[in-house]
Amino acid sequence: MDFYHAPGSSSLATYIMLCEAGLAFDLHKVDLFSHTLEDGADYIRINPNGYVPALVLDDGYLLSECAAILDWAAGKTGAQWTNGLARTRHLQLLAFLSTEIHKPFIPLFFLEDKLEQARIRQEVEPRFAWIAGCLEGNYLFGDRFSGADAMLYVMLRWAAMTGLTYPQSLDAFIEHVELRQSVRTALAADGPQPLSTVG
Ligand SMILES: N[C@@H](CCC(=O)N[C@@H](CS)C(=O)NCC(=O)O)C(=O)O
């Protein structure tokens with residue numbers, strides 16, 4: 001399997017879940033500004049939509065979209081997401097994170113207009129409050145670490161980078177997440193520091 005990734009981007013969540021599932025992969029870093037790989041190859045030929053994360057599975061299938069990839073990888077960690085309402089709730093939170101936090105958040109890294117920045121903060125901050133209310137103990141699904149937890153963790157990294165505020169209960173979540181070997185492995189490979197050491 002080939003994994004197309006850009007350090008610090010939303011594809012960090014995929015990295016974490018591939019490690020959680022113990023899946024082997026060949027890592028390809030993507031320059032998101034030029035849409036090229038490290039050897040200069042055109043990434044658009046791999047994923048015509050140009051964004052990460054993307055997986056090319058062993059049969060050649062291109063699996064894209066954070067929500068789909070994280071649900072797929074969570075399924076590979078064990079049987080807990082394959083049946084019933086728990087799986088649907090997992091998809092619910094992945095969809096929420098993708099469409100209500102991840103996508104609206106991205107322009108905050110690029111916009112210089114202060115009013116527009118404030119508008120995005122006002123839009124996204126209550127959504128962190130909502131998902132904080134979904135925590136069941138250490139993680140979103142109690143003791144089970146899910147793809148939604150990995151995605152929430154990456155969004156909280158972005159929040160810390162941009163000074164966006166979120167409920168204090170999410171600090172404890174970050175601490176629990178950063179104890180996981182999968183997270184340590186992904187962060188070490190990527191270069192960024194754990195939030196608990198920089199925050
Ligand atoms: N719909 C995609 C969007 C992914 C996305 O926006 N990825 C960003 C990085 S966080 C990206 O690659 N942006 C570069 C581009 O769109 O060209 C998903 O949910 O996975």
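User: Which residues are closest to the ligand, and how many surround it?
Analyst: 14 residues surround the ligand, and the closest are S10, H35, V52, E65 and C66. A residue is near a molecule if one of its heavy atoms lies within 4 Å of it. This is a predicted model, where local features need pLDDT of at least 70, side-chain atom pairs count only at pLDDT 80 or more, and totals for chains, interfaces and linings use all residues. Residues are numbered from 1 along each chain as its sequence is written, and side-chain values use heavy atoms, with hydrogens and water left out.

User: How does the shell divide into nonpolar, polar and charged?
Analyst: Seven nonpolar, five polar and two charged. Ala, Val, Leu, Ile, Met, Phe, Trp, Tyr, Cys and Pro count as nonpolar, Asp, Glu, Lys and Arg as charged, and the others, Gly among them, as polar.

User: What lies 2.7 Å from an oxygen atom of the ligand?
Analyst: A polar side-chain atom of H35. A ligand oxygen is also 2.8 Å from a polar backbone atom of C66, and one is 3.0 Å from a side-chain N or O atom of K103. A polar contact is a pair of N or O atoms within 3.5 Å.

User: And how much of the ligand does the protein bury?
Analyst: 82% of the 510 Å² that the ligand exposes when taken alone, by the Shrake-Rupley method with a 1.4 Å probe.

User: Back to H35. Where is it, and what is its phi?
Analyst: H35 is in the loop between β2 (26-31) and β3; strands are DSSP runs of E, at least two residues. Its phi is positive, about 55°, although H35 is not a glycine. Most residues other than glycine have a negative phi.

User: Which residues does a cis peptide bond join?
Analyst: V52 and P53, with omega about 5°. P53 is in the loop between β3 (36-37) and β4 (54-56).

Key: Polar contact = N/O pair within 3.5 Å; in protein donor to acceptor, adjacent residues only side chain to side chain. Helix = DSSP H or I, 4+ residues; strand = E, 2+ residues; numbered from the N terminus.
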